[in-house]
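Student: I would like to go through this structure feature by feature. Could you give the general idea each time, and then the case at hand?

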Amino acid sequence: MSDTGLRQKAARLRRAYAPHEHRPLGGYLVAMGAYAGVTGALAGLVKATGRPVPERPAPSDVVLLSIATHKLSRLLSKDAVTSPLRAPFTRYDRPIGSGEVMEQVRDSGSPTRHAIGELLSCPFCLAVWVATGLTGGLVLAPRLTRLVATALTAVAASDFLQMAYATAQQAAEGGHHDDD
């Protein structure tokens, strides 16, 4: 099939898939290819180094990496301080509290840029990449990965405690009546 015929077929597929909305299917394919490449590189590195892959991860590691994945995904996708990493692909919209910002994906006509913007501004989407990296780290450098994951887990727990404290403080201030 010619390059022109392939492009026409891809355009028809995009129109059939989302006739009333722009969906960057080509960009998603690039992102999926990049993820497959990263995953393949991690697997190759594990094989080349001869590191043993656990038959069954320890439940404590699963919990540790789950909480660390949550925190790192939010940190990378929503934290105001990490916005320079997202800026080439997103546009600031508004603050959403607790040091986080809402951003909109830049649609510059590049399906790849759009897909990267969606990935970088979505903690749920980014979590797959973060979990893959942390899991690979657990095999390749378990002590360092557990240390980093412990720090991220501590920050996540601190976030919840800060929010609980702020909520309790607001309730105490709202419930206080001065009868003098």
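Tutor: We can start with a volume: the second largest pocket holds about 260 Å³ of space. Keep in mind throughout that this is a predicted model.

Student: Which element gives the largest share of the lining of the second largest pocket?

Tutor: That is H7, with five residues. H7 and H3 each supply at least two residues of this lining. Helix H7 covers residues 142–175, and helix H3 covers 59–78.

Student: How much space lies in the largest pocket?

Tutor: The largest pocket has about 320 Å³. Its lining consists of 18 residues, with Thr132, Thr135, Gly136, Leu138 and Val139 nearest the centre.

Student: Which helices supply at least two residues each to the lining of the largest pocket?

Tutor: They are helix H2 (25–49), helix H3 (59–78) and helix H6 (123–140). H6 provides the largest share, six residues. By class, this lining has eleven nonpolar residues, six polar ones and one charged residue.

Student: Is Ser98 buried or exposed?

Tutor: The cut-off for exposed is over 50% relative accessible area. Ser98 has 62%, so it is exposed.

Student: And Glu100, buried or exposed?

Tutor: Here the other cut-off applies, since buried means under 20%. Glu100 is at 16% relative accessibility and therefore counts as buried. Glu100 is found in strand E2. Its C-alpha atom is separated by 8.9 Å from that of Ser77, a residue 23 positions away along the chain.

Student: Let us turn to salt bridges. How does one read them, and how many does a search of the whole structure find?

Tutor: The quantity to check is the distance between a side-chain nitrogen of Lys or Arg and a carboxyl oxygen of Asp or Glu, which has to be within 4 Å. The search of the whole structure finds six salt bridges.

Student: With which residue does Glu100 form a salt bridge?

Tutor: The partner of Glu100 is Arg74, and their closest N and O atoms are 2.8 Å apart. Because Glu100 lies in strand E2 (residues 100–105) and Arg74 in helix H3, the pair ties together parts that are 26 residues apart in sequence. Arg74, at 23% relative accessibility, counts as partly exposed.

Student: What does Arg86 pair with?

Tutor: Arg86 forms a salt bridge with Glu103, with 2.5 Å between the closest N and O atoms. Arg86 lies in helix H4 (residues 83–86) and Glu103 in strand E2, so this pair ties together parts 17 residues apart in sequence. Both Arg86 and Glu103 are buried.

Student: How far apart are the closest N and O atoms in the salt bridge of Arg94 with Asp93?

Tutor: They are 2.9 Å apart. Arg94 is partly exposed, with a relative accessible area of 41%, and Asp93 is partly exposed at 35%.

Student: Next, the surface. Which residues make the nonpolar surface patch of about 300 Å²?

Tutor: Leu144, Leu147 and Val148 make that patch. One of them, Leu147, lies in helix H7 and counts as exposed at 60% relative accessibility.

Student: Last, where is Pro19 placed?

Tutor: Pro19 sits in the loop between helix H1 (3–17) and H2. At 58% relative accessibility, Pro19 counts as exposed. The C-alpha atoms of Pro19 and Arg143 are separated by 50 Å, and the two residues are 124 apart along the chain.

Methods:
Residues numbered from 1 in each chain as written. Predicted model: local features only at pLDDT ≥ 70, side-chain atom pairs only at ≥ 80, totals over all residues. Heavy atoms only, no water. Patch = residues over 30% accessible without salt bridge, like charges linked within 9 Å, V, L, I, M, F, W, Y side chains within 5 Å. Areas by Shrake-Rupley, 256 points an atom, 1.4 Å probe, with all protein chains shown as cover. Helix = DSSP H or I, 4+ residues; strand = E, 2+ residues; numbered from the N terminus. Buried < 20%, exposed > 50% of the residue type's maximum accessible area, 1.4 Å probe, protein only. 1 Å grid on protein atoms, 1.4 Å probe; cavity = no way out; pocket = protein on both sides within 12 Å on 5 of 7 lines; lining within 4 Å. Points joined across faces, edges and corners; volume = space filled by probe spheres on them. Nonpolar A, V, L, I, M, F, W, Y, C, P; charged D, E, K, R; others polar.
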